Amino acid sequence: MSPTIHAIFTAGIIMSSIPSSFGADTRQDSVASRAHQFVEEHEATVRPLEKAVSLAWWSANITGNDADFKTKEDAQNRLDAALADPARFARLRDVRAAARAAKDLDPILRREIEVLYLQYLEKQVDPALLQGMTARANAVEKAFNVYRARVEGKELSDSEVRKVLKESKSSDLRRKVWESSKGVGAVVEADLKALVLLRNEAARKLGFKDYHAMMLELNEQRQDQVLKLFDELDQLTRGPFRRLKAEIDVKLAADFGLAPSELRPWHYPDPFFQESPAIYAIDLDAPYAQADILGLAKRFYSGIGLGVDDVLARSDLYEKSGKSPHAFCTDIDREGDVRVLANIVPNERWMSTLLHELGHAVYSSKNIPRSLPYALRAEAHILTTEGIAMLFERFSMSGGWLEKNGVRVDDVRAFDDAGSKMRRNRLLIFAAWCQVMLRFEKGMYEDPSQDLNKLWWDLVEKYQLIRRPDGRNAPDYASKIHIVSAPAYYHNYLMGQLFASQVHETLSRDVLHADPAAALYDGRPEVGKYLQEKVFAPGRSLPWNELTRFATGAELNANAFAAELKN
Ligand SMILES: [Zn+2]
């Protein structure tokens, strides 16, 4: 389906296709008319509630006020209640069944109904079960908030734990800090296990085999499909990861005066080995210390024909008290009111983060055609918008990119060399970690009664190549908060990276006629044109893998990603 076709299916035309009196094909017409009526009702009731949630979310994160957080919670509850309405869902289910059977139905209308069906289905959980799930999840999240590691009588904050794991040269101290940081797992284990059972029960009541399978299907993914992709990725990256891991271990073992075989989980730079240790002597922050981060981002995006001045004018970009310390991008109304929350300081991480958030901003209703109906005027999938954001964030470690943008770098070649190694290492380490998360969550929901402590460490040993601590039997998996608060979600980050690599390869080859390893986008408006036509224009009218094929000529696969990580 080409984006020019979408321009024809405006809401107005769909409306005008509804007959005023029933003609020859009454059944067909009545499906279209019922579908259209449902969409109209959805837009009249749910659309203002969604906008209210976005605005309240924005204010709460800017001010940090209790009152604003209360407003946000109330707005979310009103939206959830509208989507949970059983009578409306029953009607939607009927319309969807009819729409699936009706051959000649406008494909855009059919797709709208499908997208809305999945959105409502997620909220059809038995209210008593939902209450139980919320209570357990809150209990776990609260326990995470108040838990502090404690070593030799001293409490350590999360950032203090990370500082020890980044900097300390004492194996003994590292072990104590690491073990104590995992203590939260034992605190939340019982609540988490109860939560898993409730989630599975809710999923089974909606007709799914377990909660993990349900979460994927609500996001139009299948377990076997995602697993196949992860197997393929494992095969392609296992060799490079093994070599990198050996290189890291030699360096760490020397630092700690140990043999590589004596390294344990606490010798790595963070509690889960998600990040790369600093094994190259280069300061990535140095060129950014005096740089105008905002100006660089502005110029870059306008140079590729995707200017963001209007987004930045509505954004909140610098630190202030009460404000969320993180970063996000939000599309308030699907009418072009797109904003970024950030806390810019002049270093590499914030250059990368700003490029990332503005990547979300350009892939939004700002560039998705207004001719698409409201329900489809959004990114195809969470993985495709993460992918576009990741595509742009990668430039912050490129010496060539800095040079093109007039930022002084002492030794561009050395910066480029270290930057591309660091980028590669981060991706390899992150990919191995995502393998553990995907496979653990799948296994945990499939059979919650199995020995989960063992499952966790079996996977860590197999994919991250980290030796489990001798004689330890503890629920270390339960110390990862995402298992509670962002369940069955992590794999999308890695699929987003695959999407970024695949789009970059296509862009380099077909649009820039350049080697993907060296291609820069600066001052090339054809980059923006390609993204607009091939990635943004279809909005949500195509499922994620069809969009990937439309944009790159192939379904999502690990080849481009693995090719980048080969050396
Ligand atoms: Zn993102």
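Analyst: N453 lies in helix α19, residues 452–464; helices here are DSSP runs of H or I of at least four residues, and strands are runs of E of at least two, numbered from the N terminus. This is a predicted model, in which local features need pLDDT of at least 70 and side-chain atom pairs count only at pLDDT 80 or more, while totals for chains, interfaces and linings use all residues. Residues are numbered from 1 along each chain as its sequence is written, and side-chain values use heavy atoms, with hydrogens and water left out.

User: Is N453 buried or exposed?

Analyst: Buried means under 20% relative accessible area, exposed means over 50%, and partly exposed is in between, with a 1.4 Å probe and protein chains only. N453 has a relative accessible area of 13%, so it is buried.

User: Which residues does N453 touch?

Analyst: Contact means heavy atoms within 4.5 Å. Leaving out residues up to four places away in sequence, N453 touches N473, A474, P475 and Y477. With N473 there is also a polar contact between the two side chains, at 2.8 Å. A polar contact is a pair of N or O atoms within 3.5 Å; within protein, one must be able to donate a hydrogen and the other to accept it, and residues adjacent in sequence count only if both atoms are side-chain atoms.

User: What does M133 touch, leaving out residues up to four places away in sequence?

Analyst: M133 sits in helix α7, residues 127–146, and is counted as buried because its relative accessibility is 11%. Its contacts are V125, L195, L198, R199 and A202.

User: Where is L542 placed?

Analyst: L542 is in the loop between α22 (525–536) and α23 (544–552). Its relative accessibility is 4%, so L542 is buried. From L542 to T353 the C-alpha distance is 28 Å, at a separation of 189 residues in sequence.

User: How many cavities of 30 Å³ or more does a search of the whole structure find?

Analyst: On a 1 Å grid over the protein atoms alone, a cavity is a set of points where a 1.4 Å probe fits but cannot get out, a pocket is an open set with protein on both sides within 12 Å along at least five of seven lines, and lining residues have an atom within 4 Å of a point. Grid points are joined across faces, edges and corners, and a volume is the space filled by probe spheres set on the points. The search finds two such cavities. The largest cavity holds about 100 Å³. It is lined by 14 residues, with P271, F272, W457, V460 and Q464 the closest to its centre. Helix α19 gives the largest share of that lining, four residues.

User: What lines the second largest cavity?

Analyst: The second largest cavity, of about 80 Å³, is lined by L233, D234, T237, R238, F241, L428, A431, A432, Q435 and Y463. Ala, Val, Leu, Ile, Met, Phe, Trp, Tyr, Cys and Pro count as nonpolar, Asp, Glu, Lys and Arg as charged, and the others, Gly among them, as polar.

User: What is the volume of the second largest pocket?

Analyst: Its volume is about 840 Å³. Of its 32 lining residues, S420, R423, P516, A517 and A518 lie nearest the centre. Helix α18 provides the largest share, seven residues. The lining divides into 14 nonpolar, eight polar and 10 charged residues.

User: How many salt bridges does a search of the whole structure find?

Analyst: Side chains of opposite charge can pair when their charged atoms come close. A salt bridge is a side-chain nitrogen of Lys or Arg within 4 Å of a carboxyl oxygen of Asp or Glu. The search finds 52. In one of them, K245 pairs with D249, with the closest N and O atoms 2.7 Å apart. Both lie in helix α12, four residues apart, about one turn of the helix. K245 is buried because its relative accessibility is 4%, and D249 is buried at 11%.

User: Which parts does the pair of R540 and E379 tie together?

Analyst: R540 and E379 form a salt bridge, the closest N and O atoms being 3.4 Å apart. R540 is in the loop between α22 and α23 and E379 in the loop between α15 (348–362) and α16 (382–393), so the pair ties together parts 161 residues apart in sequence. E379 is partly exposed, at 21%.

User: Which residues are linked in a network of salt bridges?

Analyst: E43, R47, E335, R370 and R377 are linked in such a network.
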